Amino acid sequence: DRIMLTIPGDPASSRAVSWRTCPSVNKTIGQITKATASPFFSDQLKTIEGSSSFWMAGDSSALGHKVIFDNLSPETMYTYRVGDGENWSEWFQFTTSSDKKQDFNFLYLGDFQNDIKQYCSRTIRQAYSHFPNADFILYAGDIVSRSTEDYWNEFFYAGNWIFGTMPSVPTPGNHEYDKHGDGEP
């Protein structure tokens, strides 16, 4: 769950995908191919191994995964999925940026913090429905109210499959940092 597409370098030739699983998953794999009109493309798939890291918060633990797709063609639609080789996500699609200087559009969102599922899901979905061809979503920080509580669950619920198709560029605000007992991040 929590699949998010990002831009790790040149937007014309690379994308990264992160996701979360239970800690027992021991493989991090992404598969990608150029999108076609045909539903049959398994013979054209490129398989990429990624990296993972364990995290624990309170009684919860998970494995965070990341795979980077690079050497992609500019202005090309791709289809991808992520998983462990046996269990896979749904197929997602995205289009790489141009390698030429040109105008671009993006969605600017931020300061969700509270009642994310209730209110912000509508904001994200409405923005996407009005501008489905935006190049990315820029988050201006304070996405969650307290990073040590699971507001992230609501955030990923609100963005759902949109986060897997439109790249996100999140920037942290003060609420994304854990506070220690002395009030310092």
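Nonpolar surface patches are made of Val, Leu, Ile, Met, Phe, Trp and Tyr residues that have over 30% relative accessible area and no salt bridge, with side chains joined within 5 Å. Accessible areas come from the Shrake-Rupley method with a 1.4 Å probe, and for residues only the protein chains shown count as cover. The structure is a predicted model, in which local features need pLDDT of at least 70 and side-chain atom pairs count only at pLDDT 80 or more, while totals for chains, interfaces and linings use all residues. Residues are numbered from 1 along each chain as its sequence is written, and side-chain values use heavy atoms, with hydrogens and water left out.

One such patch, of about 360 Å², is made by Phe104, Phe106 and Tyr108. Phe104 lies in the loop between β8 (92–95) and β9; helices (H or I, at least four residues) and strands (E, at least two) are DSSP runs, numbered from the N terminus.

The average pLDDT (the predictor's confidence in each residue, from 0 to 100) is 86, and 85% of the residues score at least 70. Residues 181–185 have a pLDDT below 50, and this stretch has five contacts in the model beyond near neighbours in sequence; contact means heavy atoms within 4.5 Å. Where pLDDT is low, the predicted coordinates should not be read in detail.

A nonpolar core is a set of buried Ala, Val, Leu, Ile, Met, Phe, Trp, Tyr and Cys residues joined through side-chain atoms within 4.5 Å. Buried means under 20% relative accessible area, exposed over 50%, and partly exposed in between (1.4 Å probe, protein chains only). The largest nonpolar core has 18 residues, and Phe112, Ile124, Ile137, Tyr139, Phe155 and Phe163 have the most contacts inside it. At least two residues of this core come from each of β9 (106–109), α1 (116–130), β10 (136–139), α2 (151–159) and α3 (162–165). The most is given by α1, with five residues. A second, separate core has 14 residues, including Ile32, Ile48, Phe69 and Leu72.

Ile68, in strand β6 (residues 60–69), is partly exposed because its relative accessibility is 36%. Leaving aside neighbours within four places in sequence, Ile68 contacts Pro8, Arg15, Ala16 and Ile48.

A salt bridge is a side-chain nitrogen of Lys or Arg within 4 Å of a carboxyl oxygen of Asp or Glu; the count by this rule is two. In one, the closest N and O atoms of Arg20 and Asp1 are 2.8 Å apart. Arg20 lies in strand β2 (residues 15–21) and Asp1 in the segment before β1 (4–6), so the pair ties together parts 19 residues apart in sequence. Asp99 forms a salt bridge with Lys100, with the closest N and O atoms 3.5 Å apart.

Notes:
Patches are made of residues with over 30% relative accessible area and no salt bridge: like charges are joined within 9 Å, nonpolar side chains (Val, Leu, Ile, Met, Phe, Trp, Tyr) within 5 Å.
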